[in-house]
Amino acid sequence: MKSNFWQHQIEAAGLGAIAAKIERGERLSFDDGLALYRNPNLNVVGALANRVRERKNSDVAYWVRNQHVNYTNVCNKGCLFCSFYAKPKDDPRAYVMTPRQAAQKVRNYADVPISEVHVVGGVNPKLPYAYYLELLQEIKAARPNAHIKAFTMVEIDQIVRIAKKSPREVFEDLKAAGLDALPGGGAEVMSDRVHEDLFATKPDSARWLELARAAHLSGLKSNATLLYGHVEQTPEKVEHFVKLRELQDETGGFLSFIPLSWHPEKTALEDLKAPTGVEDLREIAVSRLMLDNFPHIKSFWIMNSAPVTQSALWFGADDVDGTIMEYEIIRDPAKDRKQVLTSRQLVEMIVEAGREPVERDPLYNVLSRGLEGVSDVETLLSNQNADLIQPSANLGITQREGITTASQSLKERGRELIESNSHRL
Ligand code: SF4
């Protein structure tokens, strides 16, 4: 960041003091976070984030051969921003996989060298503790060499309650059954106000942090997320970062942070405008700058789109996630199809963006570089098991669609909230 050009740009944007802190490797303050969100010059904010990104991860952009398994969409939490869940009673869209069926999903891709199986679902009140242990055991038996990354902290909260054990005891049981890491979702945005308005029946931020702490102390690594673009306000997002980095100082258990771009369609808040690509890039950049003790920032291509993810690799992100194989949370609305990219498409997307593709496992151990090991077998399998989406086509605004429809009463509640939250700043 030494060229006169950038120095001039940074000073003109009024970000000289923050840039100096970044150069000295100093932690940014809460007020710095607000300033980065509110500064109109996104290019400069992005360039500062890129400086940190390259210092931590050089030119590398990580990807993973992974498979998602969404074992049930039944959920009793009723989050107003969610289009995935089906109500526990009388909902024709409801499904639950048996552990064996979930394992069969994994066996469907036996010929693909998948290193991570990502398992999440709704909070289904009918599932007993034994179900979760069996689910892990069956998937592990189907794919013994893959890491199983399973259960948001919201699911973990449910599992702990039905187990009637301490979180540490439950994590020991889950590890023995095959759990290797946690995806880290469910905190949404750590604000009591938003919690009360949008997801009051889920664990609050204090409980989320308590469970994440217990997981890390049990030796499990996790990620962390932020769901943005609904009714949250900027100070609430900055507070979210401050809480996460404090826990990271304590445990060192977070591997990656994933800003999740919210998709309003078919939720109770569907009249709200979806975040734009510009907002997506700012979230990537500010999170990279504020979370100085997180090794990695991920641009989840399914949520951000492939084109925005390519740009994000220059705005602070060093990870694009992976091949996915099966994903039910957000589907392509045009054909109501599952979304998937083959490893070749992911690698080509990274190369086209000007970064060095590196295949990782869930713990960021390097498995391959460049086009090494990329196979067309995956293309064939993906075509058999899910419709394929090209990375440079149909991945813009049209993929922002869910698969269920919110009930009328939830929509009314959503409209009230929209009226009382007319802007995000
Ligand atoms: S976000 Fe998760 S907990 Fe909330 S309704 Fe959807 S599936 Fe349930």
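Ser305 is found in the loop between α13 (301–304) and α14 (306–312), where helices (H or I, at least four residues) and strands (E, at least two) are DSSP runs numbered from the N terminus. Although Ser305 is not a glycine, its phi is positive, at about 80 degrees. Ser305 is buried, with 23 other C-beta atoms within 10 Å. Here a residue is buried if 20 or more other C-beta atoms lie within 10 Å of its own, exposed if 12 or fewer, and partly exposed in between, with C-beta atoms placed from the backbone.

Lys164 lies in the loop between α7 (153–163) and α8 (167–177). Its phi is also positive, near 55 degrees, in a residue other than glycine. Lys164 is exposed, with 9 other C-beta atoms within 10 Å. Most residues other than glycine have a negative phi.

## Model and chain

This is a predicted model, in which local features need pLDDT of at least 70 and side-chain atom pairs count only at pLDDT 80 or more, while totals for chains, interfaces and linings use all residues. Residues are numbered from 1 along each chain as its sequence is written.

The protein chain has 17 helices and 11 strands. Of its 425 residues, 52% count as buried. Two residues are in contact if their C-beta atoms, placed from the backbone, lie within 7 Å. Among contacts between residues at least 6 apart in sequence, 82% join residues at least 24 apart.

Strand β3 (residues 116–119) is joined to strand β2 (residues 66–69) by four bridges, and the two run parallel; strands pair if DSSP finds at least two bridges between them. His68 has His118 as its bridge partner in β3. Four bridges also join β3 to strand β4 (residues 147–150), again in parallel, with Val119 opposite Ala150 in β4. Glu116 and His118 point one way from β3, Val117 and Val119 point the other way, and all are buried.

A crossover is right-handed if, with the strands pointing away from the viewer, the path from the first strand over the helix to the second runs clockwise.

Eight of the eight residues of strand β6 (residues 221–228) are buried, so β6 is largely enclosed by the rest of the structure. Lys221, Asn223, Thr225 and Leu227 point one way from the strand, and Ser222, Ala224, Leu226 and Tyr228 the other way.

Strand β5 (residues 181–182) runs parallel to β6 and is joined to it by two bridges, with Leu182 opposite Ser222. Strand β7 (residues 254–261) pairs with β6 in the parallel sense over six bridges, and the partner of Ala224 in β7 is Phe257. β6, helix α11 (residues 234–251) and β7 make a right-handed β-α-β unit.

In helix α2 (residues 16–24) the buried residues are Ile18, Ala19 and Ile22. Seen down the axis of α2, they fall within an arc of 100 degrees, so they line one face of the helix; the arc is that of the directions from the helix axis to the C-beta atoms. The face turned away from this buried side carries the exposed residues Gly16, Ala17, Ala20 and Arg24. Elements covering the buried residues of α2 include α1 (4–12), α3 (30–38), α4 (42–57) and α12. Gly25, which follows α2, has a positive phi near 75 degrees.

Of the 14 residues of helix α12 (residues 277–290), 11 are buried; Leu281, Ile284 and Leu289 are among them.

Leaving aside neighbours within four places in sequence, Leu136 is in contact with Ile148, Ala150, Leu174, Ala177, Gly178 and Leu179.

Val347 lies in helix α15 (residues 343–353) and is buried, with 24 other C-beta atoms within 10 Å. Not counting residues up to four places away in sequence, Val347 touches Trp63, Pro357, Leu371 and Val374. Val347 and Trp63 are 284 residues apart along the chain, and their C-alpha atoms are separated by 7.9 Å.
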